[in-house]
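Colleague: Please walk me through this model before I plan my reading of it.

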Amino acid sequence: MGFKVLVPQAIAKEGMDDLKRFGYEVKMGSGAKEEDLIRDVVDCDAILLRTAPVTRAVLEAGKKLKIVARHGAGYNNVDLEAASELGIWVTNAPDSTTNSVAEFTVGAIIAAAKRTFLLNAALKKEDFYFKNTHKGMDLIGKTVGIVGLGRIGGRTAQKLHDGMDMKILAYDPYANPDKVPEYVKLTDWDTLFKESDFVSLHMPSTKDNRGCVGKREFDMMKESAYFINCARGEIVDQAALTDALKENQIAGAFLDVLESEPFDKNWPLLNMDNVIVTPHMASNTEECMMLMATQAASQIHLVLSGEKPTWPVNTPKGKNE
């Protein structure tokens with residue numbers, strides 16, 4: 001009997017083609033809510049997952065499940081503890097988003113520094129000379145603080161150093177100093193927030209770091225500094241960020257993520273002149289979507305072929321040999 005793969009949300013054609021080429025039956029999900037997955041997963045051997053929540057209840061309903069392959073680098077929408085207990089692999093596609101998100105972050109920093117979105121809005125209201133009282137800044141010689149020097153943080157640092165002549169500070173307690181490029185200065189948490197002209201987050205969301213960037217951090221930042229978050233909204237205390245922006249404690253923010261998505265139209269951040277908000281789109285390119293889908297499909301094929309996946313993010317019970 002052949003294997004069946006649940007795809008709760010649409011993925012790139014290349015990923016679908018790979019699953020079919022490998023000989024698997026693809027079952028498109030009836031929805032992306034927990035109750036939808038519980039209903040759909042019953043007869044499936046694998047899930048190719050985007051943003052739908054894979055809770056303990058979903059995993060327990062999937063009696064045949066062998067793998068949940070995450071479409072992208074993050075995996076905070078999967079209950080890893082439950083998956084490990086139940087002997088189910090969870091994988092990601094760690095390098096699929098690296099370049100796309102790094103490029104987007106560079107663009108975010110440029111847009112914030114040059115006040116592109118604010119001036120565009122003023123121009124559309126026929127205020128051509130709004131620019132005279134809302135000047136931008138040059139990036140050459142400015143300091144960017146990279147919080148999390150993993151794949152995306154590291155690539156962002158490289159692009160900003162090589163392309164924009166910026167100084168790079170980085171905080172990452174897991175970084176190996178011997179492998180950090182010479183143009184990156186590793187520093188402590190407080191120093192990064194105090195000395196950076198731009199603070200850019202590149203951390204995964206975990207149960208231990210929710211709201212770890214809050215009032216204390218915004219109080220330490222320069223009044224001329226910008227805060228950039230293209231990682232995960234839950235990392236930031238959104239109320240503290242809102243207060244810091246309202247009170248002009250920092251110059252502005254570029255946010256591709258918020259604590260709650262889709263965004264609540266009543267969030268004050270959406271209507272502030274010193275804030276740019278985009279709809280969690282840093283990885284939303286044709287190339288990145290293709291990579292995420294095909295890399296996730298490759299992990300499913302490995303596991304259903306009886307092999308260990310390339311990019312596991314857990315150690316399932318009975319499979320730690």
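**Rings, sheet and helices**

Colleague: Is Phe128 buried, partly exposed or exposed, and at what relative accessible area?

Modeller: Buried means under 20% relative accessible area, exposed over 50%, and partly exposed lies in between (1.4 Å probe, protein chains only). Phe128 falls in the middle class, partly exposed, with 48%.

Colleague: What are the ground rules here?

Modeller: The model is predicted: local features need pLDDT of at least 70, side-chain atom pairs count only at pLDDT 80 or more, and totals for chains, interfaces and linings use all residues. Residues are numbered from 1 along each chain as its sequence is written, and side-chain values use heavy atoms, leaving out hydrogens and water.

Colleague: How many aromatic pairs does the structure hold, and what kind do Phe128 and Tyr129 form?

Modeller: Rings of Phe, Tyr and Trp (its six-membered ring) pair if their centres lie within 6.5 Å; planes under 30 degrees apart are stacked, over 60 edge-to-face, the rest tilted. The structure holds 9 such pairs. Tyr129 is exposed, at 57% relative accessible area. The ring centres of Phe128 and Tyr129 are 5.1 Å apart and their planes stand at 75°, so this pair is edge-to-face.

Colleague: What kind of pair do Trp189 and Phe193 make, and are they buried or exposed?

Modeller: Their centres are 5.0 Å apart with 50° between the planes, a tilted pair. Both sit in helix H8 (residues 189–195), 4 residues apart, so about one helical turn separates them. Trp189 has a relative accessible area of 16% and Phe193 has 0%. Under the cut-off, Trp189 is buried, and Phe193 is buried.

Colleague: Which strands stand at the edges of the open sheet of 5 strands?

Modeller: Helices (H or I, at least four residues) and strands (E, at least two) are DSSP runs, numbered from the N terminus; two strands pair if DSSP finds at least two bridges between them. The order is E2-E1-E3-E4-E5, with parallel pairing. Each edge strand has a single partner, so one side of it lacks a neighbour in the sheet: these are E2 (25–28) and E5 (89–91).

Colleague: By how much are neighbouring strands turned, and what angle does helix H1 make with E2?

Modeller: Axes are lines fitted to C-alpha atoms, for helices over the stretch in contact, with angles from 0 to 180 degrees between N-to-C directions. Neighbouring strands are turned by 20° on average, direction ignored. H1 (residues 13–21) packs on the sheet, touching E1 (4–7), E2 and E3 (46–49). Its direction and that of E2 make about 140°.

Colleague: Which residue in E7 is the bridge partner of Val144?

Modeller: Strand E6 (residues 143–147) runs parallel to E7 (residues 167–171), joined by 5 bridges. With helix H7 (residues 151–164) they make a right-handed β-α-β unit: with the strands pointing away from the viewer, the path from the first strand over the helix to the second runs clockwise. Val144 pairs with Ile168.

Colleague: Where does Thr97 lie, and which residues does it contact?

Modeller: Thr97 lies in the loop between E5 and helix H5 (98–114). At 5% relative accessibility, Thr97 is buried. Contact means heavy atoms within 4.5 Å. Leaving aside neighbours within four places in sequence, Thr97 touches Gly72, Ala73, Ile152, Ser283, Cys288 and Met292.

Colleague: How far apart are the end C-alpha atoms of helix H11?

Modeller: The expected span of a helix is 1.5 Å times one less than its number of residues. For the 19 residues of H11 (residues 286–304) that gives 27 Å. The end C-alpha distance agrees: 27 Å.
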